Each structure stands twice: as C-alpha cells, then as structure tokens.
Amino acid sequence: MGDVTRLTELSVGSGFDLLLDLGCFHSIPDTGRDAYVRGATEVASPGAMMLLFCAVRGDKPQRIGPRGVAPGEVAQRFASGWDLVAEDAGRPMLGCFSAWYRLWRRQPARVRQTP
C-alpha cells in the first residue's frame, strides 16, 4: 500500500508500458493530482499507454462517490508529457457521467548533436 501521489518514493519500478487506473485519479484531491501525474510520467516508459477511468463532474455537486474530474481536466493535467489519444463516454456512475481516457506517453525530444 502507498500514496499514489508519491509513486517514485514507493519503489514500484519504472519503464512500464501500460498503466491502468480504474478510479484512483478522480478520487485524489485537486491539490495532489499534479503529483500523481508527475509520478505516472516518471514510471512510464516513453511510448507507454495509460488507460484511465474517471467520473466526470456535472453541473451539480456529487452527493456520494468520488469528486470526479472536471471536463477537460485530464487533457490539461497530463499535457506536459502525454497526448490524449481518446476520450470515450462511459456508463453513468452514481448519478454522474464517466469517461475512459487513453493517453500516450510522448517520446522525449532528441537533442541533435553537431559533428
């Protein structure tokens, strides 16, 4: 067990080609979400795929269940190292919308060396 906002401190390894999140990210308080993204980025290999399932906030606050993500939040938070490949609507969950996100970990930019 461990804190997913501190992945690199948990010695989970690195170089993962597939990351799967079935509802963790949308339960993390907003203040910890960027740390989660940094950790996921660090443990993922370049070219890795991430499958992310989230409740999506609507106009009304949730009474039960996770807080969810705001529309557009996944693309915005993961923008520094990931490309959002797909966003597919999921089935309603606890009275709110849900979505599956597929993200691709970008390759680091290559530095061109002059001879």
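Me: Which residues lie nearest the centre of the largest pocket?
Reply: L7, L19, L20, Y36 and V43 do, out of 13 lining residues. This is a predicted model, where local features need pLDDT of at least 70 and side-chain atom pairs count only at pLDDT 80 or more, while totals for chains, interfaces and linings use all residues. Residues are numbered from 1 along each chain as its sequence is written, and side-chain values use heavy atoms, with hydrogens and water left out.

Me: OK, and which elements give two or more residues to that lining?
Reply: β1 and α1. The largest share, 5 residues, comes from β1. Helices here are DSSP runs of H or I with at least four residues, strands are runs of E with at least two, and both are numbered from the N terminus.

Me: What volume does the largest pocket have?
Reply: About 230 Å³. That is the space filled by probe spheres set on the grid points, which are joined across faces, edges and corners. A pocket is an open set of points on a 1 Å grid over the protein atoms alone, where a 1.4 Å probe fits, with protein on both sides within 12 Å along at least five of seven lines; lining residues have an atom within 4 Å of a point.

Me: Switching to charges. How many salt bridges are there in the whole structure?
Reply: A search finds 9. The rule is a side-chain nitrogen of Lys or Arg within 4 Å of a carboxyl oxygen of Asp or Glu.

Me: Which residues are linked in a network of them?
Reply: D30, R33, D34, R57, R67, E73 and R77.

Me: What does D30 pair with?
Reply: R57, with the closest N and O atoms 3.4 Å apart. D30 is in helix α1 (residues 30-43) and R57 in the loop between β2 (44-56) and α2 (73-77), so this pair links distant parts of the chain, 27 residues apart.

Me: And R77, what does that one meet?
Reply: D34, at 2.9 Å from N to O.

Me: Is R77 buried or exposed?
Reply: R77 counts as buried, at 16% relative accessibility. Buried means under 20% relative accessible area, exposed over 50%, and partly exposed in between, using a 1.4 Å probe and protein chains only.

Me: What about R106, which residue does it bridge to?
Reply: D83, with the closest N and O atoms 2.6 Å apart. R106 lies in the segment after β4 (97-105) and D83 in strand β3 (residues 82-89), so the bridge ties together parts that are 23 residues apart in sequence.

Me: New topic: how many disulfides?
Reply: The count is 0, taking a disulfide as a pair of cysteine sulfur atoms within 2.5 Å.

Me: Last one: which residues form a nonpolar patch on the surface?
Reply: L10, V12 and F16, with about 220 Å² of accessible area together. V12 sits in the segment before β1 (16-22) and is partly exposed at 39%. Patch members have over 30% relative accessible area and no salt bridge; like charges are joined within 9 Å and nonpolar side chains (Val, Leu, Ile, Met, Phe, Trp, Tyr) within 5 Å. Accessible areas come from the Shrake-Rupley method with a 1.4 Å probe, and for residues only the protein chains shown count as cover.
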